[in-house]
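Student: I have a new structure open and would like to learn how to read it. Could you walk me through it, feature by feature?

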Amino acid sequence: MSSSPQDLIPQLDIGTTFGALFIGVTIAAVLFGLSNVQAFIYFQTHKDTGILFFKLAAIWLWILDALHLALIIHCVYYYLVINYANVNALMEIVWSFKLQIIVDVFIILSAHLFYGYRIWIISKGRSRTLPIIVCIIITINSGVAIALIWALYQCHVFSDLIKVEWATYVALGSITFADIVIASSMCYLLATSRTGVSSTDSLIAKLMAYIINTGCLTSICSMTAMITCIVMPTNFIFLAMEFLLVKLYVNSFLALMNARYYARVNAGTDSFYLPNSYHEVYRPGIHIRASEDEELQASRKDVFKHPHDEAVHPSRSVKPQESIAVTTATMEMNDFSSV
């Protein structure tokens, strides 16, 4: 029994195998913290507004994200703590590693479905060709994901993963292709929504930038995982990249949900939005003397206590020549950003 571990130790590079997994879990935990911040911002800025479907979507993705983190932590803890120096155990695939792949699939497919639903909403009144194409691609990816899970559960030791590399290549390739198609579709629909009004077009440009950046981020990560799997199939660097890929999907989706909030903060004004809640009410500047500070503070408290009181919520005036264009574009932006 003592000779077996000695034969296996020279073949096992802890640094590029389980060391890579440890680094991947550490970075994944940081990204999970960012997704918590994103979710907190979303629910704080959409307390009394927003579509219920997207709120449930955010909760669903957060639960899956937390479950995924718990599984990969258990996986690394099992190998590096429970079975420390047990080389035979390091060769076997623990149950949590297989289960986290299933959670990966659910998160990525869920994100793609939510993006597809957004595209369907934005294309209202237009050709449904793009939404149909996106739905077909997502359906194909579902079949690829099932094949990946089936191939993974045929493996019992890590050396078996080399035999099912094809499933990894196809899965990562299809994910990258879907990301490109979804991002391109959203940008096209937003670009064709330009109204000629500078403020609205500026908002559209910012949303397009968010879409391109988040789409590129997940695509680059999936491509990096596929390349590392091809170049270095005997280590676990590509698995560590897959740990991060899931976290990036959740953060990208939540960041897009918060796009209006970020755009407003960066602009330092509410000029891009028509007021639809007490969080987004336009308040014209008023010069107040120092002796009226206490009354101002009291009035601000009343605003939050009575969000639907018209007396404390003056409405914004919109120029007649821009009102129709801004209203139409804002409704589309509201649908897109789930507000």
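**Reading the cavities, helices and salt bridges**

Student: How much space lies in the second largest cavity?

Tutor: About 120 Å³. Here is the general idea: rolling a probe the size of a water molecule over the atoms shows where empty space is left. A cavity is a set of points, on a 1 Å grid over the protein atoms alone, where a 1.4 Å probe fits but cannot get out, and lining residues have an atom within 4 Å of a point. Grid points are joined across faces, edges and corners, and the volume is the space filled by probe spheres set on the points. Before we go on, please keep in mind that this is a predicted model, in which local features need pLDDT of at least 70 and side-chain atom pairs count only at pLDDT 80 or more, while totals for chains, interfaces and linings use all residues. Residues are numbered from 1 along each chain as its sequence is written, and side-chain values use heavy atoms, with hydrogens and water left out.

Student: Which residues line the second largest cavity?

Tutor: Among them are Tyr 115, Asp 179, Ile 182, Thr 214, Tyr 249 and Leu 256. Helix 7, helix 8 (198–231) and helix 9 each give two or more residues to this lining. By class, the lining has 7 nonpolar, 4 polar and 1 charged residues; Ala, Val, Leu, Ile, Met, Phe, Trp, Tyr, Cys and Pro count as nonpolar, Asp, Glu, Lys and Arg as charged, and the others, Gly among them, as polar.

Student: What is the volume of the largest cavity?

Tutor: The largest cavity has about 390 Å³, and the structure holds 3 cavities of 30 Å³ or more. Of the 26 residues lining the largest cavity, Ile 101, Leu 148, Ala 171, Leu 172 and Glu 242 are the closest to its centre. Two or more lining residues come from each of helix 5 (95–122), helix 6 (129–152), helix 7 (165–191) and helix 9 (237–257). This lining divides into 20 nonpolar, 3 polar and 3 charged residues.

Student: How many helices and strands are in the protein chain?

Tutor: There are 12 helices and 0 strands. Helices (H or I, at least four residues) and strands (E, at least two) are DSSP runs, numbered from the N terminus.

Student: Is Ser 219 buried or exposed?

Tutor: Ser 219 counts as buried because its relative accessibility is 9%; buried means under 20% relative accessible area, exposed over 50%, and partly exposed in between (1.4 Å probe, protein chains only). Ser 219 sits in helix 8. Leaving aside residues up to four places away in sequence, Ser 219 touches Thr 176, Asp 179 and Ile 180, where contact means heavy atoms within 4.5 Å. Across the protein chain, buried residues make up 47% of the 339 residues.

Student: How many salt bridges does a search of the whole structure find?

Tutor: It finds 2. Side chains of opposite charge can pair when their charged atoms come close. A salt bridge is a side-chain nitrogen of Lys or Arg within 4 Å of a carboxyl oxygen of Asp or Glu. One of the salt bridges joins Lys 247 and Asp 65 (2.6 Å, N to O). This pair links distant parts of the chain, with Lys 247 in helix 9 and Asp 65 in helix 3 (residues 52–82), 182 residues apart. Both Lys 247 and Asp 65 are buried.

Student: Which side chains meet in a salt bridge at 3.7 Å, N to O?

Tutor: Those of Asp 160 and Lys 163. Asp 160 counts as buried because its relative accessibility is 16%, whereas Lys 163, at 64%, counts as exposed.

Note on methods:
On a 1 Å grid over the protein atoms alone, a cavity is a set of points where a 1.4 Å probe fits but cannot get out, and a pocket is an open set with protein on both sides within 12 Å along at least five of seven lines; lining residues have an atom within 4 Å of a point.
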